[in-house]
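Please open the model in a viewer and keep the selection tool at hand. The stops below are arranged as a tour.

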Amino acid sequence: MKKILLLCICSTFALSQNLNETYSQALELEKQGQYKKAMLLYKKALNMKTKAEDEYLLDLSKNQNHEVQTFTKLKKDFYEKQLNKIEDKETSHSIEQMITGEFGLYPYRKNYILPATYDLKDRENREQFETAFQFSIEKPISYNFFGMDESISGAYTQKSFWQTSADSSPFRETNYQPEVFVQFPYKNSKTLKGYKIALNHESNGRNNEDSRSWNRVYLESYLQFSNLFVIPRVWYRIPEKTQDDDNPDIYKYYGYGDLTFLYPYKKHTFELKLRNNLRLNDSNKGAAQLNWTFPLPDFISTSNSYGFVKVFSGYGESLIDYDREINKIGFGIAFSR
């Protein structure tokens with residue numbers, strides 16, 4: 001029994017010593033400005049099994065002698081250490097805002113780049129291989145304006161399809177989607193967590209027969225069943241004058257709503273979006289999109305970057321193809337989930 005106890009003590013001591021050494025090496029690398037190597041050692045330390053009383057070594061936010069390096073902190077350090085200070089306080093404050101200022105923007109829908117996407121069908125005037133990327137941000141405007149703990153935000157999403165395998169590599173299609181919305185939390189249910197009301201515009205910025213656009217009001221809700229999230233959405237298209245309507249039959253392909261299933265599992269997320277016009281005849285149209293994000297290997301991993309696979313089948317991958325069936329797969333990196 002004594003031998004077993006001694007062995008446990010020695011093992012614990014050795015593990016604690018290894019953790020301390022790893023942590024000290026990471027701190028030293030960070031002081032030298034080698035942030036990538038330091039972050040890998042921090043991850044290694046986090047994966048080590050430790051006693052409860054050693055947890056403080058891993059909780060960097062509670063360590064008074066250490067501040068996790070971020071891009072914001074780097075900019076502040078540059079301002080404090082590198083720039084000559086100005087005596088006039090207002091001028092000095094303006095310079096600090098120029099160097100360290102942020103827009104207060106946040107990721108909205110998924111931000112990603114898919115360097116390689118492949119359309120399973122050969123189509124006229126386009127290559128089957130192309131690059132696709134999406135940029136999506138949210139700007140909070142107001143909080144609790146109506147006294148319901150709601151938030152009011154504006155958002156902008158841009159999705160582009162780039163024919164990188166074609167001569168001169170033209171952009172085939174870009175969709176622009178600004179919107180403004182109000183989100184309300186729902187506190188009286190274990191399942192319904194909140195809902196959103198939004199005014200949405202989407203167009204492709206083109207003229208004549210290639211022009212596509214529409215305006216919608218939609219209602220979206222958020223349901224949680226353990227680690228499965230279900231997000232139903234319904235919309236109403238705001239009518240346009242006949243002479244101004246680029247795509248009067250778009251509802252025949254997009255329908256009146258969609259349903260999203262989001263399932264996070266450990267370091268992976270799986271997202272399935274379904275859309276259908278609910279016509280139980282030959283005019284039935286719809287779409288399915290599957291997104292999978294997963295952790296990248298440590299040697300290419302950076303903060304908020306994930307491997308990303310996207311599979312799409314159906315109508316409406318882009319506005320120009322709203323009435324055309326597309327079957328496509330893409331591989332790349334997501335910068336938000």
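The tour passes from a pocket to a surface patch and then to salt bridges.

This is a predicted model, in which local features need pLDDT of at least 70, side-chain atom pairs count only at pLDDT 80 or more, and totals for chains, interfaces and linings use all residues. Residues are numbered from 1 along each chain as its sequence is written, and side-chain values use heavy atoms, with hydrogens and water left out.

**The largest pocket**

Select Arg 109, Lys 110, Gln 134, Glu 271 and Lys 273, which lie nearest the centre of the largest pocket among its 41 lining residues. A pocket here is an open set of points on a 1 Å grid over the protein atoms alone where a 1.4 Å probe fits, with protein on both sides within 12 Å along at least five of seven lines; lining residues have an atom within 4 Å of a point. The space in this pocket amounts to about 1,000 Å³. Its lining comprises 16 charged, 13 nonpolar and twelve polar residues.

**The nonpolar patch**

Next select Ile 141, Val 180, Ile 197, Leu 199, Val 217, Leu 219, Val 234, Tyr 236 and Ile 238, which make a nonpolar surface patch of about 770 Å². Such a patch joins nonpolar side chains within 5 Å, from residues with over 30% relative accessible area and no salt bridge. Strands β6 (192-203), β7 (213-225) and β8 (228-237) each give two or more residues to the patch. Val 217 lies in β7 and, at 35% relative accessibility, counts as partly exposed (buried is under 20%, exposed over 50%, and partly exposed in between, with a 1.4 Å probe and protein chains only).

**Salt bridges**

The structure holds 17 salt bridges, each a side-chain nitrogen of Lys or Arg within 4 Å of a carboxyl oxygen of Asp or Glu. Select Glu 130 and Arg 172, whose side chains meet in one of them at 2.8 Å, N to O. Glu 130 is in strand β3 and Arg 172 in strand β5, so the pair ties together parts 42 residues apart in sequence. Glu 130 is buried at 3% relative accessibility, as is Arg 172 at 13%.

Move to Lys 187 and Asp 149, where the closest N and O atoms are 2.4 Å apart. Lys 187 is exposed at 61%, whereas Asp 149 is partly exposed at 29%.

Finally, select Asp 245 and Arg 237, which form a salt bridge of 2.8 Å, N to O.

Methods: Points joined across faces, edges and corners; volume = space filled by probe spheres on them. Nonpolar A, V, L, I, M, F, W, Y, C, P; charged D, E, K, R; others polar. Patch = residues over 30% accessible without salt bridge, like charges linked within 9 Å, V, L, I, M, F, W, Y side chains within 5 Å. Areas by Shrake-Rupley, 256 points an atom, 1.4 Å probe, with all protein chains shown as cover. Helix = DSSP H or I, 4+ residues; strand = E, 2+ residues; numbered from the N terminus.
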